[in-house]
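Dear colleague,

Please read them alongside the coordinates.

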Amino acid sequence: MPETTPTGLTRLAFGGDYNPEQWPEEVWQEDVRLMREAGVTMVSVGIFSWALLEPAPGEYDFGWLDRILDLLHENGIRVDLGTPTVVPPAWFYRAHPEALPVTAEGVRYAFGSRGAICHSNADYRAAAARITTELAERYGAHPALAMWHVHNEYGVPVSACYCDSCAAHFRRWLTETYGTVAAVNEAWGTAFWGQRYGDFSEIDPPRLTPTVGNPAQALDYRRFADATMRENFVAERDILHRLSPGVPVTTNFMTALSQCDSVDYWAWGREVDLVTNDHYLITDGRRTHVNLAMAADLTRSVAGGAPWLLLEHSTSGVNWQPRNPAKAPGQMARNSLAHVARGSEGALFFQWRQSRRGAEKFHSAMVPHGGTDTRVWREVVELGATLGTLSEIRGTRTEADVAMLWDWHSWWAQTLPWRPSEDHDARERADAFYETLYDRHLTVDFARPEADLSAYPLVVVPALYLMTRAAGANLRRYVEAGGTLVVSYFSGIVDEHDAVHEGAHPGALRDVLGLTVEEFSPLQAGERVRLTAPDGPELDGDVWTEFVVPRGAETVWTYADGLAAGRPAVTRHRLGEGIAWYVSTRLGAGGLDAVLDRAARDARIAPRAELPRDVEVVRRTGESGSYLFAVNHTASDVKVPLEVPGTDVLTGEHAAGRLAVPAGAVRVVRLDG
């Protein structure tokens, strides 16, 4: 069986994407000298190098890669070796132009960027298998090899193609999935608008139509596109497993909801030997460290709670957003260690040396254009030393307090056209619920709707428009057994085929919530409603209201105005040994906190009021001990209460009572006992 950690790596991973092919060979010696100075333990190599490795069909040039891998090995640096299948060479597209993807509007993309691939194309699949085989046969037992890195960031920038090859592949996928065309008609509800099919040959991808097409077909096509990319990953993975046994195989995910919406990472997490992730701060005015924590928690959850690896982030600014500010002094280390706190086994960057040419020449790197006499380089060296000191935490696992349910298929379904309100955004609700839990200093595990939830005292459901009957039954069992559940509006509405559940809304959740919804009543832009409670603060909502009818649930907050005035807005339902809350409008931060405060009390989760805002306290525990990470994202020195004394791993000092954490700093304490 393959390893699930990089082979031969005895410390936390530290390094980044290394692209020596962009530089003269005399620079390579300088690179490895600086890598040793910085404490680099692993670099990713070869990800974009297909055109150099195979300059003409069937003609290979591995000399430069031989030399760089040998040089890295001689200097004690492990290698994450890429299969370069994200960028087929120009000669390939000249011979096979049909391998370039086609949009739903019928436009074929041109060569000249990256990731321009029709994943159904047989010629691409054959060429990818050949270059992967050549690499595995040559380097499968190389002493520098730590793991294999297939492709790069599947789903970005193109996931779905709508060409004739994809049409034929889609029909095969439908045949395997449904068996008969009658089953497809049933699943898609093709009786509507006379869309019934008599044969699989009549079915095409959901290309451009005069008005909205069949939503169930569009949802299945997203599933098909994701599954097709995954087929290609599995094909390369299996070649590597066969020819390079024992070496883990991965591909870099982009789990942040702000970065990729076309990949079902629950499914992908089951296919990789080690979950890895790329994360970049989205500088849109939000608290970027909250998005970082959310992405790290989601990545750890995709890994099933096991340690994972941050394979890319940035030392400072990126280059692809409208505005790309530099990171503040100390922020690089703080970002890196926040990922480590939440389960990463290290921190790697894109990239090692800043490029002089190409589309990403203004993207920050470990070695900036200014060289070693720069703030970024000095912080890189300091971070390398810090991660070296923290190697004892390897293999420990992050402890979570609560769970949040998330499902990519539901997100895909909710974003299809003609929903009740374009203002309701699944990602926005997930962000809002997560931020509220973050501000309550609760560490979050994400979970599939049908997963075992018994370990969590509190489970929140920010946006699950699509929910299977099995998932609804799972939540009912969870509450009946003593769990506390909080559900936001427009959840449990449709099944896996985007068909509305029979009976009143919210079909899959009626019983557990103890209510029905007679009608949705979305609000106009800028419209707000007030919510009142006999024993609670006045709240306000926007975007959405509903006509809620209690069927066993008690009303906690009531609509004070709007079309739903006088009706329940927030309810609480006791079921078995547990309690289920329902929120029928979009609450802001204060309103969500008020509801989650009561739900947390129901779940017997003690408040953590002593912890300042924007200070994270996260634990990792394992055979080597229990470690408390305190991450201070504020501009002020703070003190964090320690229930158990311990030793500061970074300084060796005893820590007890209240742990001092300077502004912008991170402390890691090995707890006694």
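Which residues lie nearest the centre of the largest pocket? They are Phe48, Arg114, Phe350, Ala359 and Glu360, out of 45 residues that line the pocket. This is a predicted model, in which local features need pLDDT of at least 70 and side-chain atom pairs count only at pLDDT 80 or more, while totals for chains, interfaces and linings use all residues. Residues are numbered from 1 along each chain as its sequence is written, and side-chain values use heavy atoms, with hydrogens and water left out.

A pocket here is an open set of points on a 1 Å grid over the protein atoms alone, where a 1.4 Å probe fits, with protein on both sides within 12 Å along at least five of seven lines, and lining residues have an atom within 4 Å of a point. The largest pocket has a volume of about 1100 Å³ (the space filled by probe spheres set on the points, which are joined across faces, edges and corners). Helix α2 gives the most to its lining, with three residues (helices are DSSP runs of H or I of at least four residues, strands runs of E of at least two, numbered from the N terminus).

The second largest pocket, of about 790 Å³, is lined by 36 residues, with Ala104, Tyr162, Pro206, Arg207 and Ala218 closest to its centre. Helix α8 (residues 215-243) gives the most to that lining, with seven residues.

Turning to the sheet, nine strands form an open sheet in the order β5-β4-β3-β2-β1-β9-β8-β7-β6, with parallel pairing (at least two DSSP bridges between two strands). Strands β1 (residues 13-18) and β9 (residues 344-349) pair over four bridges.

Best regards
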